[in-house]
Amino acid sequence: MVVMLQRAVLLLAAPEWIAKLMGFGFLVIPLVAAWALISEVRFGATTERMAKVLENEGGLPEDNLPRTPGGRIVREAADAEFEKYKLAAEAAPLDWRSWFRLSCAYDAAGDRKRARQSMRDAIVIFREA
């Protein structure tokens, strides 16, 4: 990112308009990358704080699902377990704990996109509490 910022300054100082345009692009890319990095670090740190709270309360979901010889969770077992957490989240929509556990269930079922969204929902509720 530092090298890109250095190149951005050099290109912005050049007299050609195309160089200035490239310099602007080189300036924006590190800013977007820094924002993404900071967002991911905050997401991870908040998730870890939430997990510690649940661990202290004894509320973390147990990792007792059957696994294949390769170590992957058996999809059918994860799908069956998922329903329990989905119903709990629907019953308590303002409880970050239920959304956290639902996120873990989504992850176990292999649905990473919904797992991250559920964790984001949990984080919003956690921060409001």
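Analyst: The structure holds two aromatic pairs. This is a predicted model, in which local features need pLDDT of at least 70, side-chain atom pairs count only at pLDDT 80 or more, and totals for chains, interfaces and linings use all residues. Residues are numbered from 1 along each chain as its sequence is written, and side-chain values use heavy atoms, with hydrogens and water left out.

User: Why is the pair of Phe82 and Tyr106 called tilted?

Analyst: Rings of Phe, Tyr and Trp (its six-membered ring) pair if their centres lie within 6.5 Å; planes under 30 degrees apart count as stacked, over 60 as edge-to-face and the rest as tilted. The centres of Phe82 and Tyr106 are 4.7 Å apart and the planes stand at 50 degrees, so the pair is tilted.

User: What makes the pair of Trp96 and Phe126 edge-to-face?

Analyst: The planes of Trp96 and Phe126 are at 80 degrees, with ring centres 4.9 Å apart, so this pair is edge-to-face. Trp96 is in helix H4 and Phe126 in helix H5 (residues 112-128), 30 residues apart. Helices here are DSSP runs of H or I with at least four residues, and strands are runs of E with at least two, numbered from the N terminus.

User: Are Trp96 and Phe126 buried or exposed?

Analyst: Both Trp96 and Phe126 are buried. Buried means under 20% relative accessible area, exposed over 50%, partly exposed in between (1.4 Å probe, protein chains only). Phe82 and Tyr106 are buried too.

User: How many helices and strands does the protein chain have?

Analyst: The protein chain has five helices and zero strands.
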